Protein chains: 2
Amino acid sequence: MKNLIIASTSTLHTGGYLEYLLPELLVHFKNVKTLLFIPYARPSGISHEEYTSKVSEAFAKINITVKGIHEFESLTEAIKNAEAIFTGGGNTFLLVSQLYRYNLMTLLTETLKNGTPYLGTSAGSNITGLTMQTTNDMPIIYPPSFQTLGMIPFNLNPHYLDPDLNSKHMGETRETRIKEFHQFNSLPVLGLREGSWLDVKGNKITLKGDLSARLFKQNQNPEELETGSDLSFLK
Amino acid sequence: MKNLIIASTSTLHTGGYLEYLLPELLVHFKNVKTLLFIPYARPSGISHEEYTSKVSEAFAKINITVKGIHEFESLTEAIKNAEAIFTGGGNTFLLVSQLYRYNLMTLLTETLKNGTPYLGTSAGSNITGLTMQTTNDMPIIYPPSFQTLGMIPFNLNPHYLDPDLNSKHMGETRETRIKEFHQFNSLPVLGLREGSWLDVKGNKITLKGDLSARLFKQNQNPEELETGSDLSFLK
């Protein structure tokens, strides 16, 4: 049975790394002693080692030891044997490229379907959708495909931002970009604001956190979904 | 001899479509009667026809007739015979996908090298760089390659935005994204603010408009280049 927390962001403006999620993670990762961390998205280009040590510090607060996947001889065994898995944020193009490069995409899908508890934040959440095509990231590297894990039957736009009505900037708003996506793709897209996350238990998907989320469907007006909403109806 | 205007944006907050550029275009497209327009980037997903008619309206003010490339039987002949070419903004992934799909990338490179006057705005400017990897757009479609026209020996980031120091949003700043690009790529990236453009005459590249531009080089601190700067030194 799938068991995932899919968060818009790792960090809120008001707090430290993963801080706002720790009470939830204490429940989600109950009985987990060691967590497998996938650092491939490398935010700001930091190394796998630096990233893993930052994550270790946060999880130490709930008595979980963290091991980076780059520390393992066999990446496949690392995933298969993991008690729990966390993929952190950074650049989604890089993350997806690395997962394909090491042939981990299919294995990760199967492992999560079989119930290994998972946490994703930002890029690590993006990859739980059907494709990475609604990422906000820059295409710094060319991945072999945009297909991702498909743990939820729609796509995500993490760090969702409402249009700034006072802005004088003429670049596209997030809503415009998602509208362009829907010219060519029929998948729903969920704009997940910072502080929101999805709780996935089997086929049940629940919106959590304090905020509403914005749902975009092809050829329809966007709608606001209140926190606590059951999103299992989405396809 | 190359003859290009490469603009950050088509439209300023204070004016109509292409309005701020018209005095410059009057000179750039002197003696041009008919302009070939490439509408493939389809901003907000508008059709080729709608986009072309919007562009026609703007160019009517300087007595230039506009024809969309989609109106031609032979796309190759359309480019070869064009008096001048304009590629408008929208989604860079879509634009690049279409140029590859119709085998136009190499032909366009050769045509511009031979001196056909060109105007690019936003996505249409992005493709004049070596690759499209510093676009701000959403990957709504998977292009066969990120390589672009290479009319300038570096990459562009159009609609460049300075970090908003008051923002509570935790998504990456533009500067962070470009820094991530430089973890894997050595090309310089020029952040071109809205209202700036590059004037390319042969190998001479001059920054124009009222604003400075921000230059990012691998492993170096970014620097501000004043308007009027000669950028021909960049490689």
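1. How many bridges join strand β8 of chain A to strand β9 of chain A, and do they run parallel or antiparallel? There are five bridges between β8 (residues 197-201) and β9 (residues 204-208), and the two strands run antiparallel. Within that pairing, V200(A) has I205(A) in β9(A) as its bridge partner. β8(A) and β9(A) form a hairpin with two residues between them; G202(A), in the turn, has a positive phi of about 60°. Keep in mind for everything here that this is a predicted model.

2. Now the parallel side of things. β2 (residues 34-38) and β3 of chain A run parallel and are joined by four bridges, with L36(A) partnered to K67(A) in β3(A).

3. Besides being the bridge partner of L36(A), K67(A) has its charged end over the ring of F72(A), 4.6 Å from the ring centre. Chain B has a K67(B) arrangement too, with the charged end over the ring of F72(B), 4.6 Å from its centre.

4. Next, the aromatics: over all chains, the structure holds 22 aromatic pairs. Take F59(A) and F86(A): their ring centres are 5.9 Å apart and their planes are at 55°, so this pair counts as tilted. It links distant parts of the chain, since F59(A) is in helix α2 of chain A and F86(A) in strand β4 (residues 85-87) of chain A, 27 residues apart. Both F59(A) and F86(A) are buried. In chain B, F29(B) and F59(B) make a tilted pair, 6.1 Å centre to centre with 55° between the planes. There too, distant parts of the chain are linked: the two residues are 30 apart, with F59(B) in helix α2 of chain B and F29(B) in the loop between α1 (22-28) and β2 (34-38) of chain B.

5. A cluster of rings also involves both chains: F93(A), Y142(A), F146(A), F93(B), Y142(B) and F146(B) are linked by ring pairs.

6. Back to F29(B) for its surroundings. Its relative accessible area is 2%, which is under the 20% cut-off, so F29(B) counts as buried. Leaving out neighbours within four places in sequence, its contacts include L35(B), F59(B), I64(B), A84(B) and Y118(B). The C-alpha atoms of F29(B) and E83(B) are 9.0 Å apart, although 54 residues separate the two in sequence.

7. Helix α5 (residues 105-113) of chain A has M105(A), L107(A), L108(A), T109(A), T111(A) and L112(A) buried. What do the buried residues of α5(A) pack against? The list is β1 (3-7), β2, α3 (75-80), β4, α4 (92-101) and β5 (118-121) of chain A. After the helix comes G115(A), with a positive phi near 110°.

8. Last, the core. The largest nonpolar core has 84 residues, and L190(A), L198(A), L190(B) and L198(B) have the most contacts inside it. Not counting residues up to four places away in sequence, L190(A) touches, among others, F154(A), L156(A), L198(A), L215(A), L225(A) and L231(A). In soluble globular proteins, nonpolar side chains tend to be buried together.

How values were computed
Residues numbered from 1 in each chain as written. Chains lettered and ligands numbered in written order. Predicted model: local features only at pLDDT ≥ 70, side-chain atom pairs only at ≥ 80, totals over all residues. Heavy atoms only, no water. Pairing = 2+ DSSP bridges. Core = buried A, V, L, I, M, F, W, Y, C linked by side-chain atoms within 4.5 Å. Buried < 20%, exposed > 50% of the residue type's maximum accessible area, 1.4 Å probe, protein only. Contact = heavy atoms within 4.5 Å. Phe/Tyr/Trp six-rings, centres within 6.5 Å; stacked < 30°, edge-to-face > 60°. Lys NZ or Arg CZ within 6 Å of the ring centre and 35° of its normal.
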